Every structure is written in structure tokens, then in C-alpha cells.
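Here is a short tour of a protein chain. Keep the sequence and the 3D view side by side while you read.

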Amino acid sequence: MSELVERSSLDMRYESHRMRDADREARLLASIAQRGIEEPLSGVDTPAGRLLLNGFKRYRCAQKLGVELVPYLSLGDQEATGIANLMRVSQDKGLGILEQAKFVVDLLSVHEMSVADVAESVSRSKAWVSMRRSLLAELSDGIERIL
């Protein structure tokens with residue numbers, strides 16, 4: 001169940017994990033201006049605050065429109081679990097492969113999960129996890145910025 005939260009209360013540290021699409025964001029801005037935010041932003045509620053994981057385009061649109069209260073859905077209170085939940089749900093909604101790779105690398109390095117643990121938590125194979133980990137290792141910073 002979603003709740004209304006102050007936009008300024010959301011921690012944006014994962015914004016760089018998500019790809020930008022200016023055309024989609026422009027269409028979303030027009031839609032939100034007419035109908036408001038229809039799908040809640042989502043993240044995790046940690047003791048340090050709310051970490052936004054999904055809804056960065058909606059966040060930026062709300063910011064441009066001066067919307068201070070946004071609908072928000074908590075994916076739990078554990079950061080790693082929230083990321084895994086987002087990745088499982090997004091198999092249908094479409095996180096891009098680079099976005100998946102960034103989250104996988106965080107689960108492996110920041111949250112110190114094993115490849116097997118990540119695979120199990122996102123309902124994928126160890127090969128799927130390894131491929132995404134390798135993708136970022138092989139990608140130069142310049143190419144990543146272009147993408």
C-alpha cells in the first residue's frame with residue numbers, strides 16, 4: 001500500500017543506476033501535469049531514511065512541476081532485499097541490462113552477497129548474475145557515460 005511522502009525525504013543515491021530517456025521523461029511530465037503521479041515511486045525504508053530505487057523520472061517530473069508530496073511504496077526495510085525485489089518485479093517491467101548490472105554489482109560488493117545468493121534472491125541463474133557482473137568490469141567509463 002502506498003503512502004504520500006515528501007519528495008525531499010527520498011535519498012537519490014541510486015539515481016545513477018538508472019538510465020535516462022529524455023523523450024520518455026518529457027511525455028511523463030505532460031502526463032503528470034494532467035493526471036498527477038499514477039504509479040508510486042518505490043524504495044526501501046532504512047533507519048537512515050528512504051532510499052529511492054524506482055521512479056526517478058517521476059521524481060524529476062514532480063520536482064519540475066513543484067509537486068512536494070509523491071506516492072511512495074516501500075519494498076521493505078533491508079536495502080539488499082529491496083534491490084532484489086525490484087529486480088524480480090522488473091523482469092516484466094524492463095530494467096535494462098546495464099541497470100541490472102549496476103544493481104548486481106552492488107549486491108555482490110556493497111552488500112557482500114555471493115553469486116549464488118544474488119541468483120537466488122532475484123530468481124535467476126548464477127550465469128545470469130556472472131554475466132551482468134562481467135559486463136560492468138568490461139565496460140569503459142567513457143562507454144558507460146555514452147550509454
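How many residues does the largest nonpolar core have, and which have the most contacts inside it? The model you see is predicted.

## The nonpolar core

The largest nonpolar core has 34 residues. L10, M87, F103 and V129 have the most contacts inside it. Helix 3 gives the largest share, five residues.

Look at L10 next. Leaving aside neighbours within four places in sequence, L10 is in contact with V5, L41, R50, L52, Y59, V70 and Y72.

## I83 in helix 3

Find I83 in helix 3. Is I83 buried or exposed? I83 counts as buried, because its relative accessible area is 0%, and buried means under 20%.

Which residues surround I83, leaving aside those within four places in sequence? The contacts of I83 are Y14, L53, F103, L107 and H111. F103 was named above as one of the residues with the most contacts inside the core. I83 and S121 are 38 residues apart along the chain. Their C-alpha atoms are separated by 9.4 Å.

## Helix 4 meets helix 6

How do helix 4 and helix 6 cross? Their axes come within 8 Å and cross at roughly 100 degrees. An angle of 65 to 115 degrees counts as roughly perpendicular, and therefore helix 4 and helix 6 are described as roughly perpendicular to each other.

From helix 4, the contact is made by I97, L98, Q100, A101, K102, V104, V105 and L108. From helix 6 come W128, V129, M131, R132, R133, L135 and L136. By class, this contact has 11 nonpolar, one polar and three charged residues.

## Q100, a buried residue of helix 4

Q100 lies in helix 4, which spans residues 97-109. Q100 has 11% relative accessibility, so it counts as buried. What do the polar atoms of its side chain meet? A polar contact of 2.6 Å joins the side chains of Q100 and R132. A polar atom of the Q100 side chain also lies 3.2 Å from the backbone oxygen of L95.

Not counting residues up to four places away in sequence, Q100 touches M87, L95, W128 and R132. M87 is among the residues with the most contacts inside the core.

## Helix 2 and its cover

How many of the 10 residues of helix 2 are buried? Seven are, and helix 2 is mostly covered. The buried residues are F56, K57, R58, Y59, R60, C61 and A62. The elements that cover them include strand 2 (10-11), helix 1 (22-35), strand 3, strand 4 and strand 5. After helix 2 comes G66, whose phi is positive, near 75 degrees.

Helix 1 contains E25. E25 has 7% relative accessibility, so it counts as buried. Leaving aside neighbours within four places in sequence, E25 is in contact with K57, R60, C61 and K64. K57, R60 and C61 are among the buried residues of helix 2.

## Two loops

Where does V122 sit? Its place is in the loop between helix 5 and helix 6. V122 counts as buried, because its relative accessible area is 0%. V122 and L75 are 47 residues apart along the chain. Their C-alpha atoms are separated by 14 Å.

S123 is also placed in the loop between helix 5 and helix 6. S123 is a residue other than glycine, and its phi is positive, near 60 degrees.

The loop between helix 4 and helix 5 holds E112. E112 is not a glycine, although its phi is positive, about 55 degrees. Is E112 buried or exposed? E112 has 69% relative accessibility, so it counts as exposed; the cut-off for exposed is over 50%.

Notes. Residues are numbered from 1 along each chain as its sequence is written. This is a predicted model: local features need pLDDT of at least 70, side-chain atom pairs count only at pLDDT 80 or more; totals for chains, interfaces and linings use all residues. Side-chain values use heavy atoms; hydrogens and water are left out. Helices (H or I, at least four residues) and strands (E, at least two) are DSSP runs, numbered from the N terminus. Buried means under 20% relative accessible area, exposed over 50%, partly exposed in between (1.4 Å probe, protein chains only). A polar contact is a pair of N or O atoms within 3.5 Å; within protein, one must be able to donate a hydrogen and the other to accept it, and residues adjacent in sequence count only if both atoms are side-chain atoms. Contact means heavy atoms within 4.5 Å. A nonpolar core is a set of buried Ala, Val, Leu, Ile, Met, Phe, Trp, Tyr and Cys residues joined through side-chain atoms within 4.5 Å. Axes are lines fitted to C-alpha atoms, for helices over the stretch in contact, and angles run from 0 to 180 degrees between N-to-C directions. Angles under 35 degrees count as roughly parallel, over 145 as roughly antiparallel, 65 to 115 as roughly perpendicular and the rest as oblique. Ala, Val, Leu, Ile, Met, Phe, Trp, Tyr, Cys and Pro count as nonpolar, Asp, Glu, Lys and Arg as charged, and the others, Gly among them, as polar.
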